[in-house]
Amino acid sequence: MVAAGRVAFGTVNTVETRTLPWSWYTDPAVLQLEHERIFRRSWQYVGRQDEVADNGSFVATRVGDVPVVLVRDEEGTLRSFLNVCRHRGSLVCEGSGKRATLQCPYHAWTYGLDGKLVAAPRFSREGGTDHEQLGLLQLQLDTWGPLVFVNPDVDAAPLDEFLGDAPDRIVEAGIDLGSLRFLQRAESELAANWKITAENFLECYHCPVAHPGFSAVMDVSPDAYLLELEGGRMSQQSPPRPEPRGHYDTSGGVERGQFHLLFPGTVINVMPGRPNFAIGPILPLAPERTYRFLDYFVAEDADAAWIEESLAFDTQVGAEDRALVERVQAGVRSGLIEEGRLMPESERLVAHFQSLVVDALA
């Protein structure tokens with residue numbers, strides 16, 4: 001568990017913060033609890049409205065281990081359903097497309113775009129159960145501008161509470177989400193527990209040694225690199241160096257970088273310079289495997305050379321982070337050490353994140 005004490009280190013007294021037990025990063029039982037008590041009760045970013053822009057369009061996605069399908073019905077209403085047939089549990093949809101109905105490929109049970117069961121072979125002959133009770137299970141859905149979020153818990157607090165003041169911070173940075181265009185989605189799988197991936201995102205203590213390119217552009221000194229937390233929002237802010245030395249152009253209207261994690265795993269990134277925005281989830285696939293994607297947005301008139309440069313910059317940081325989290329996973333898997341220690345200031349967002357995990361599982 002996360003616990004605080006005091007320990008002497010050299011001539012300085014610091015607060016000791018213990019990490020989660022390292023077994024929690026490998027134990028399948030812990031992951032099952034996390035699915036049940038965290039991911040199935042949380043808002044998750046699942047995609048963009050333009051992916052289901054036309055009436056009749058759909059796209060399959062997921063929230064944690066919950067398969068989800070987004071649908072734009074014939075009246076133009078955006079809906080989300082559990083992507084599971086009420087007959088025998090098959091996935092109903094894969095990929096994306098446009099259809100008048102959603103049909104399960106196993107036994108052809110067919111659902112309207114409002115989720116109602118409209119046809120099932122032999123149902124009138126053998127059914128017995130009122131088909132009105134066998135529609136697709138509807139999930140809670142809401143949007144932030146062009147962004148779509150889903151929560152499997154229909155009784156959860158509204159999306160506005162989950163987002164908190166994150167949208168205001170984006171606006172204050174000079175970014176109008178509605179004026180940006182979608183650029184691309186970057187997907188990855190990491191050989192590491194989802195919590196290790198999130199914790200790595202939540203601190204830049206490692207940046208000077210592990211991200212030389214990022215640290216040549218951004219001021220990662222403790223006095224300039226600011227950490228903030230408010231409930232489920234954990235945020236980092238940093239200005240660029242007065243004279244950046246790296247391969248990223250920080251000139252433009254966005255003065256500071258801001259990097260947010262909305263618990264449990266929605267990542268929001270804004271770099272200084274020209275208008276930009278990236279968002280995506282951190283999702284567990286297995287106790288030691290994580291899936292991520294990031295959707296990148298830029299201004300309509302963004303320069304092609306700058307786009308190429310900024311994506312290369314982000315790709316390099318991502319590759320460095322992959323190596324880091326996979327090394328941590330290999331270490332905590334050893335089983336001979338029960339827990340680690342956190343730096344009380346530089347890693348206080350990590351400590352807060354771990355306390356949210358403990359509270360949720362308790």
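## Surface and charge

The chain has an accessible surface of about 17,200 Å², and carbon and sulfur atoms hold 50% of this area (Shrake-Rupley method with a 1.4 Å probe). The structure is a predicted model, in which local features need pLDDT of at least 70, side-chain atom pairs count only at pLDDT 80 or more, and totals for chains, interfaces and linings use all residues. Residues are numbered from 1 along each chain as its sequence is written, and side-chain values use heavy atoms, with hydrogens and water left out.

There are 32 positive and 52 negative side chains (Lys and Arg count as positive, Asp and Glu as negative, with His and the chain ends not counted). The centres of the two sets lie 6 Å apart, each charge being placed at NZ of Lys, CZ of Arg, CG of Asp or CD of Glu.

## Overall fold

Nine helices and 20 strands make up the secondary structure of the chain (DSSP runs of H or I with at least four residues, and of E with at least two, numbered from the N terminus). Along its principal axes, the C-alpha trace spans about 80 × 50 × 30 Å.

Of the 362 residues, 50% count as buried (under 20% relative accessible area, with a 1.4 Å probe and protein chains only).

## Aromatic pairs

The whole structure holds 14 aromatic pairs (rings of Phe, Tyr and Trp, the last by its six-membered ring, with centres within 6.5 Å). The ring centres of Trp 109 and Phe 123 are 5.8 Å apart and their planes stand at 80 degrees, so this pair is edge-to-face (planes over 60 degrees apart). Trp 109 is buried, at a relative accessible area of 10%.

Ring pairs also join Tyr 45, Phe 149, Phe 162, Tyr 291 and Phe 293 into a cluster.

Technical notes:
Rings of Phe, Tyr and Trp (its six-membered ring) pair if their centres lie within 6.5 Å; planes under 30 degrees apart count as stacked, over 60 as edge-to-face and the rest as tilted.
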